[in-house]
Amino acid sequence: MSTSPRHRHRMVVLAMVAAAAGCAGPSIAGPYSTTDPAHRDASKAETLTRDAVECADADAARAEALLREALTADLFHGPAHNNLGVLYFRQGKLYEAANEFEWARKLLPGHPDPRLNLALVLERAGQVTEAFTAYDAALEAAPEHVPTMQAYARLAVREGRRDEKVDAMVKAIALRGEDERWRAWARAQMAQVDR
């Protein structure tokens with residue numbers, strides 16, 4: 001998952017808090033208690049999502065509450081859905097994570113992160129073919145997205161699927177990997193091919 005400062009607000013682990021509804025209260029059709037769809041507040045949702053990102057590592061419960069409030073302000077705020085997916089992924093709730101990444105994917109059509117995250121869920125669930133398809137979708141959205149290249153190449157090497165595409169990704173990772181561990185991994189992969 002991307003942790004670059006530019007995209008960090010989309011990659012923080014956040015959770016959804018279920019609304020406490022009294023017996024006499026109205027039934028809620030979904031997990032978010034939106035008030036009136038005509039009164040979406042995208043600015044408030046963005047601010048709350050940023051606030052949640054800032055406190056997520058130190059106070060997950062507070063971050064969860066902020067994100068819940070963000071989705072109440074604007075159910076169609078893609079980064080909030082992506083953050084929920086990251087939380088669920090880290091908790092091992094793959095079905096819930098995939099659902100949130102699907103929301104985020106639809107709401108953030110040009111962004112690779114939800115597609116990358118969905119691919120990671122599919123990979124963890126053992127759906128390798130589907131994972132490759134999702135990685136390809138992330139690369140279509142952003143062909144030079146290094147985190148996606150890293151994940152794709154790692155899975156391809158693990159699955160024994162080396163080809164020109166994977167070799168090109170490995171070379172790119174050796175030069176532009178997110179950190180030295182990725183660059184060293186890529187150099188080791190290149191050395192194995194050269195033998």
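# Close-up views of a helical protein model

**View 1. Tyr 152 and the residues around it.** Leaving aside neighbours within four places in sequence, Tyr 152 is in contact with Phe 132, Tyr 135, Asp 136, Leu 139, Lys 165, Val 166 and Met 169. Contact here means heavy atoms within 4.5 Å. The model is a predicted one, in which local features need pLDDT of at least 70 and side-chain atom pairs count only at pLDDT 80 or more, while totals for chains, interfaces and linings use all residues. Residues are numbered from 1 along each chain as its sequence is written, and side-chain values use heavy atoms, with hydrogens and water left out.

**View 2. The whole protein chain.** The protein chain has 10 helices and zero strands. Along the sequence, this gives the pattern α-α-α-α-α-α-α-α-α-α. Helices (H or I, at least four residues) and strands (E, at least two) are DSSP runs, numbered from the N terminus. The chain has 195 residues, of which 45% count as buried. Buried means under 20% relative accessible area, exposed means over 50%, and partly exposed lies in between (1.4 Å probe, protein chains only). The accessible surface of the chain comes to about 10300 Å², and 53% of that surface belongs to carbon and sulfur atoms. These areas come from the Shrake-Rupley method with a 1.4 Å probe, and for residues only the protein chains shown count as cover. Among contacts with a separation of 6 or more, 58% are between residues 24 or more positions apart.

**View 3. The largest nonpolar core.** This core has 48 residues, and those with the most contacts inside it are Val 121, Tyr 135, Met 149 and Tyr 152. At least two residues of the core come from each of α2 (42-55), α3 (60-73), α4 (78-91), α5 (94-107), α6 (113-124), α7 (128-141), α8 (146-158) and α9 (164-176). A nonpolar core is a set of buried Ala, Val, Leu, Ile, Met, Phe, Trp, Tyr and Cys residues joined through side-chain atoms within 4.5 Å. In soluble globular proteins, nonpolar side chains tend to be buried together.

**View 4. Helices α7 and α8.** The axes of α7 and α8 come within 10 Å and cross at roughly 155°. Axes are lines fitted to C-alpha atoms, for helices over the stretch in contact, and angles run from 0 to 180 degrees between N-to-C directions. The two helices α7 and α8 are therefore roughly antiparallel. Angles over 145 degrees count as roughly antiparallel, those under 35 as roughly parallel, those from 65 to 115 as roughly perpendicular, and the rest as oblique. The crossing of α7 past α8 is left-handed. A crossing is left-handed if the near helix is turned anticlockwise from the far one by less than a right angle, and right-handed if clockwise. Residues of α7 that meet α8 include Phe 132, Tyr 135 and Leu 139, and those of α8 that meet α7 include Met 149, Tyr 152 and Leu 155.

**View 5. Helices α6 and α7.** The axes of α6 and α7 come within 8 Å, with a crossing angle of roughly 170°. That makes these two helices, α6 and α7, roughly antiparallel. On the α6 side, the residues that meet α7 include Leu 116, Ala 119 and Leu 120, and on the α7 side they include Ala 134, Tyr 135 and Ala 138.

**View 6. Helices α4 and α5.** The axes of α4 and α5 come within 7 Å and cross at roughly 160°. They are therefore roughly antiparallel to each other, and their crossing is left-handed. Among the residues that make the contact are His 81, Tyr 88 and Phe 89 of α4, together with Phe 101, Trp 103 and Leu 107 of α5.

**View 7. Ala 70 in helix α3.** Ala 70 is found in helix α3 and counts as buried, at 0% relative accessibility. Not counting residues up to four places away in sequence, Ala 70 touches Ala 45, Leu 48 and Thr 49. The C-alpha atoms of Ala 70 and Thr 49 are 6.2 Å apart in space, with the two residues 21 apart in sequence.

**View 8. Val 157 and Arg 162.** Val 157 is found in helix α8, whereas Arg 162 lies in the loop between α8 and α9. Val 157 counts as partly exposed, at 24% relative accessibility. Arg 162 is also partly exposed, with a relative accessible area of 30%. Beyond neighbours within four places in sequence, Val 157 is in contact with Arg 162, Trp 185 and Gln 189. With residues up to four places away again not counted, Arg 162 touches Ala 156, Val 157, Asp 167, Val 170, Gln 189 and Val 193.
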